[in-house]
Amino acid sequence: MKKILFVDNQKPIRLLLHNILKKDYIVHAAANSNEAIHYIFEIDMPDLIIIDPADSEMDNANDKKFIEYVKSSVLFKHIQILVLSNNVASLEKQLQQQTVNLVVAKPFDPIKLRGSISALLAS
């Protein structure tokens, strides 16, 4: 079964994603990129990371560094990354295309998101 790690500082979003995905995937949630790093180093390596870069400037910078680290690491570069965001236009400028596999705007349709995740993990 494929494994998904989602990183979001909002607990309701983490719970929503968990409930949407738990039937088809092994899911784990992290409140921030520091927890996510701990998870992938110490606990398990996911097939997909879903992340919403934080709103605060400092946390947003940490989240971007986390994404860039995962995609540049020999150990982790195979992990797919899906970004959820309220500000898609700004993020697409800040993140290089090669660092993320898909960007989805918030609010999102849970059914369409599941389809996008299935397609990403099938590729």
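Modeller: Contact here means that heavy atoms of two residues lie within 4.5 Å, and Ile-13 touches Asp-8 and Lys-106 in this sense, when residues up to four places away in sequence are not counted. The model is a predicted one, in which local features need pLDDT of at least 70 and side-chain atom pairs count only at pLDDT 80 or more, while totals for chains, interfaces and linings use all residues. Residues are numbered from 1 along each chain as its sequence is written, and side-chain values use heavy atoms, with hydrogens and water left out.

Biologist: What makes Ile-13 count as buried?

Modeller: Buried means under 20% relative accessible area, exposed means over 50%, and partly exposed lies in between (1.4 Å probe, protein chains only). Ile-13 has a relative accessible area of 15%, and therefore it is buried. Ile-13 lies in helix 1, and its C-alpha atom is separated by 9.7 Å from that of Asp-52, which is 39 residues apart from it along the chain.

Biologist: How do you know which elements the protein chain has, and in what pattern do they follow one another?

Modeller: Helices (H or I, at least four residues) and strands (E, at least two) are DSSP runs, numbered from the N terminus. By that rule the protein chain comes to five helices and five strands, and reading along the sequence gives the pattern β-α-β-α-β-α-β-α-β-α. Of its 123 residues, 43% count as buried.

Biologist: Why are the buried residues of helix 1 said to be on the same side?

Modeller: The buried residues in helix 1 are Ile-13, Arg-14, Leu-17, Ile-20 and Leu-21. They cover an arc of only 130° around the axis, so they lie on the same side of helix 1; the arc is that of the directions from the helix axis to the C-beta atoms. Lys-11 and Pro-12, on the other side of helix 1, are exposed. The cover over the buried residues of helix 1 includes strand 1 (3-7), strand 2 (26-30), strand 3 (48-51), strand 4 (80-85) and helix 5.

Biologist: How do helix 1 and helix 5 pack, in angle and in distance between their axes?

Modeller: Helix 1 (residues 11-21) and helix 5 (residues 110-122) have axes 11 Å apart and pack at an angle of about 65°. Axes are lines fitted to C-alpha atoms, for helices over the stretch in contact, and angles run from 0 to 180 degrees between N-to-C directions. On the helix 1 side, Leu-17, Ile-20 and Leu-21 take part, and they meet Pro-110, Leu-113, Arg-114 and Ile-117 in helix 5.

Biologist: What makes Lys-106 count as buried, exposed or partly exposed?

Modeller: Lys-106 has 11% relative accessibility, and because this value falls under the limit for buried residues, Lys-106 counts as buried. Its place is in the loop between strand 5 (102-105) and helix 5. The residues that Lys-106 touches, apart from those up to four places away in sequence, are Asp-8, Gln-10, Ile-13, Asp-52, Leu-84, Ser-85 and Asn-86. The peptide bond from Lys-106 to Pro-107 is cis, with omega near -5°.

Biologist: With which side chain does Lys-106 make a polar contact of 2.4 Å?

Modeller: A polar contact is a pair of N or O atoms within 3.5 Å, where, within protein, one must be able to donate a hydrogen and the other to accept it, and residues adjacent in sequence count only if both atoms are side-chain atoms. The side chain of Lys-106 makes the polar contact of 2.4 Å with the side chain of Asp-52, and a polar contact of 3.2 Å joins the side chains of Lys-106 and Asp-8.

Biologist: Why is Asp-44 called partly exposed?

Modeller: The relative accessibility of Asp-44 is 26%, which is neither under the limit for buried nor over the limit for exposed, so Asp-44 counts as partly exposed. Asp-44 is found in the loop between helix 2 and strand 3, and, leaving aside neighbours within four places in sequence, it is in contact with Lys-3 and Tyr-39. The side chains of Asp-44 and Lys-3 make a polar contact (3.3 Å), although these residues are 41 residues apart in sequence, with 8.7 Å from C-alpha to C-alpha.

Biologist: Which residues of helix 2 are buried?

Modeller: In helix 2 (residues 33-43), the buried residues are Ser-33, Ala-36, Tyr-39 and Ile-40. They cover an arc of only 110° around the axis, which puts them on the same side of helix 2. On the other side of helix 2, Asn-34, Glu-42 and Ile-43 are exposed.
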